[in-house]
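This briefing covers aromatic rings and their surroundings. Please keep the model open while reading.

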Amino acid sequence: MAASSLRWKSFFEEEDRPEKPRSFGVTEIRGPQYSLFSQNVLEDVFESMGQFVDGLKFSGGSDSLTPESYIKRMTDMARRHDVYISTGNWGEHFLRKGPSALNHYIEECKRLGFNTIELDVGSLELPEETLLRYVHMIKGAGLKVKPQFAVKFDKSDIPLSGNRAYGAYIAPRPRSYDFVEDVDLLIRKAERCLEAGADMIMIDAEDVCRRAESLRADIIAKIIGRLGVEKTMFEASDARTADWFVSQYGPKVNLFVDHSQVVDLECLRGRNVGKNHMSVLGSAYRLL
């Protein structure tokens, strides 16, 4: 039997995870910042595991250091495999310059082949109404938008207590650079972004799920309970973290992982094939 005719796995019908393009059960992989991808390595990932990869994220400004011709080759390759391409936080230095700079940034992203723009809310330090305007502008340009929120906020961003009319002007307070945890504020801001048209909310791993041994199950449960598992994405920096997310929230959970974790994660999502990807590969080789 030819290897190409093998089915790696199948999901239980009640798990209800669709084929690509998926809006939930998404696996997004890290781009060049975290590992030195060559074009051939990325092509190997897509050729061998492309059906399990939904998105490719250029992170930490890595794409600003990469030749445009290389970025275009990578984005073209991703599109051929029905993989969306996210900017990560590359455009922060543009976005701080205001809406006119955002228009230029959007056009650059479209020219290079990106179809999803991520907005790192904590780094951008934008007023909430400006953030919502950015969401509207990006959606209006035909791209997807994914705001990223951290669970800790500068004290100056936390609304003062007391009654006030909705939409009333509040004079901005000086930045304190004293950060406090406020998951309710994260959820409220994220809900407004989703109402404005955001496609998904990325949750910053710091202080939430950076390491499996210090994972904050209480925060994760509250976020998913309010925003929904389909509308949130979490980083799973290692296999233990991915295992926890899938065991707690099932195959519909959206995860951001390293490219080396794709097979293990997919086997976790398809519980009927076991957690060890070698059980899948071994069965395939025995059939050849």
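A residue counts as buried when its relative accessible area is under 20%. Phenylalanine 114 has 1% relative accessibility, so it is buried. The model is predicted. Rings pair if their centres lie within 6.5 Å, and by this rule there are four aromatic pairs.

**Phenylalanine 58 and phenylalanine 114**
- The two ring centres are 5.3 Å apart.
- The ring planes meet at 80°, and over 60 degrees counts as edge-to-face, so this pair is edge-to-face.
- The pair links distant parts of the chain, with its residues 56 apart.
- Phenylalanine 58 sits in the loop between strand 2 (55-57) and helix 2 (68-80).
- Phenylalanine 114 sits in the loop between helix 4 (99-112) and strand 4 (116-120).
- Phenylalanine 58 is buried, because its relative accessible area is 0%.

**Tryptophan 244 and phenylalanine 245**
- Their ring centres lie 5.2 Å apart.
- Their planes are at 80°, so this pair is edge-to-face.
- Tryptophan 244 is partly exposed, at 21% relative accessible area.
- Phenylalanine 245 has 0% relative accessibility and therefore counts as buried.

**Charges over phenylalanine 256**
- Arginine 30 lies over the face of phenylalanine 256, 5.1 Å from the ring centre.
- Lysine 57 places its charged end over the ring of phenylalanine 256, at 4.5 Å from the centre.

Technical notes
Residues are numbered from 1 along each chain as its sequence is written. This is a predicted model: local features need pLDDT of at least 70, side-chain atom pairs count only at pLDDT 80 or more; totals for chains, interfaces and linings use all residues. Side-chain values use heavy atoms; hydrogens and water are left out. Rings of Phe, Tyr and Trp (its six-membered ring) pair if their centres lie within 6.5 Å; planes under 30 degrees apart count as stacked, over 60 as edge-to-face and the rest as tilted. Helices (H or I, at least four residues) and strands (E, at least two) are DSSP runs, numbered from the N terminus. Buried means under 20% relative accessible area, exposed over 50%, partly exposed in between (1.4 Å probe, protein chains only). A charge sits over a ring if NZ of Lys or CZ of Arg is within 6 Å of the ring centre and within 35 degrees of the ring normal.
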